[in-house]
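Thanks for making the time.

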Amino acid sequence: MAAEVSVVVPTYNRADSVFAAIESVIAQRAANFELIVVDDGSTDDTWRELERTAAAVQAEHANRLSMRIVHTENRGVAAARNAGIALASAPLLAFLDSDDLWGPDKLACQIEYMRAHPECVISQTDEYWLSNGGRINPGLRHRKAAGDIFIDSLRTCLVTPSTAILRSALFREIGGFDEDFIAAEDYDLWLRILVRHEIGFLAEHHATRRSGHKGQLSMLPAIDRFRVLALLKLLATDDLNSVQRRAVCEVSAEKCDIYAKGLARRRHGDFAALIFSFAEKSRRAWCEGGDEAREECARAAATMRTQIKRHVSIS
């Protein structure tokens, strides 16, 4: 039977954690899904172990799932996810980060939810949080909800890749992950989706989010530079209504101020001045929208991309 869900797991030098993630996918009680693991140019033993694991999975579980592994040059998590999705055949997409885990009913419950709500294009479940091996409780600002969460998601990313399922057609319509983002690529994608669509939510803990380890992208210094770019991209579109646009401008100004002050402290004066100018324009010039404002935001986003690439090592 054709796969109902394509599960994409990107990994890079995570031989110590990715196989636990894979095991949590194999343990799913759902039938008929495919697992696509993308090794993003690992330099440890990840690829060799993936080959062994894929052979074992195909020998033991071929009646209910298929597993494919792909080895690419190291281009970052956004490119790795896109490479996996390019091979996906199912009408639903699910993501699992290589340092996270699923409970055994995760796929089955979400598949049933998406069947029962054909109008829903994206949903997610609740999750447990672990940090350095210990259970922690997320703060109130991280609390998930169903419906229109676009404005709430501007300051805090409220969708977790490892809990989300979306329709493949939506992913392709929206354009996939932006490969210029070495971090906050999910924040950018979710905002592009949430500006147009409500989200479904299963208030059940079907995933475990593990943090506090080396190489965690959400802990990358200067991550706000990517969030600023995501917001500038939104302001350059005509997707925003007046309330959404004002909210995006407000958060853009806040994040620009934070990032620019950090740049100034580290004596990156020219770059800091540019970001401060974006903050000021967000406060006064871009809120009303219109063709001129959108065009200026598009130029600002292009400039931001160039600066990020030029100053890739700035933290």
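A disulfide here means a pair of cysteine sulfur atoms within 2.5 Å. By that rule the count comes to zero disulfides. Keep in mind that this is a predicted model.

Take C120, which is in no disulfide. The nearest cysteine sulfur belongs to C109 and is 15 Å away. C120 is buried, at a relative accessible area of 8%.

Now the chain as a whole. The secondary structure comes to eleven helices and nine strands. The radius of gyration is 20 Å, close to the 20 Å that the globule rule gives for 315 residues, so the chain is as compact as a globular protein of that length. Along its principal axes the C-alpha trace spans about 60 × 45 × 35 Å.

Of the 315 residues, 53% count as buried. The chain exposes about 14200 Å², and carbon and sulfur atoms supply 49% of that area. If we take contacts between residues at least 6 apart in sequence, 80% of them join residues at least 24 apart. On charge, there are 40 positive and 44 negative side chains, and the centres of the two sets lie 4 Å apart.

Next, helix α7, residues 185–194. How many of its residues are buried? Ten of ten, so to speak: the helix is mostly covered, with ten of its ten residues buried. The buried set includes charged side chains, among them E185, D186, D188 and R192. Y187, L189, W190, L191, I193 and L194 are buried as well.

L154 lies in helix α5, residues 152–155, and is buried, with a relative accessible area of 0%. What does L154 touch, leaving aside its neighbours within four places in sequence? The contacts are Y187, L191, L231, A247, V248, V251 and K255. Y187 and L191 are themselves buried in α7. For a distance across the model, the C-alpha atoms of L154 and L65 are separated by 37 Å, and the two residues are 89 apart along the chain.

Last, the backbone. Most residues other than glycine have a negative phi. Two residues here go the other way. A184 is not a glycine, yet has a positive phi of about 60 degrees. The place of A184 is in the loop between α6, residues 168–174, and α7. The other is R267, again not a glycine, with a positive phi near 65 degrees. R267 is in the loop between α9, residues 242–265, and α10, residues 269–284.

Which of these is buried and which is exposed? A184 is buried, with a relative accessible area of 8%. R267 is exposed, with a relative accessible area of 78%.

To recap: zero disulfides by the rule used, a helix α7 with ten of its ten residues buried, and positive phi values at A184 and R267. That is what I have.

Technical notes:
Residues are numbered from 1 along each chain as its sequence is written. This is a predicted model: local features need pLDDT of at least 70, side-chain atom pairs count only at pLDDT 80 or more; totals for chains, interfaces and linings use all residues. Side-chain values use heavy atoms; hydrogens and water are left out. Buried means under 20% relative accessible area, exposed over 50%, partly exposed in between (1.4 Å probe, protein chains only). Helices (H or I, at least four residues) and strands (E, at least two) are DSSP runs, numbered from the N terminus. The radius of gyration is taken over C-alpha atoms; the globule rule is 2.2 Å times the number of residues to the power 0.38. Contact means heavy atoms within 4.5 Å. Accessible areas come from the Shrake-Rupley method with a 1.4 Å probe; for residues, only the protein chains shown count as cover. The place of a charge is taken as NZ of Lys, CZ of Arg, CG of Asp or CD of Glu.
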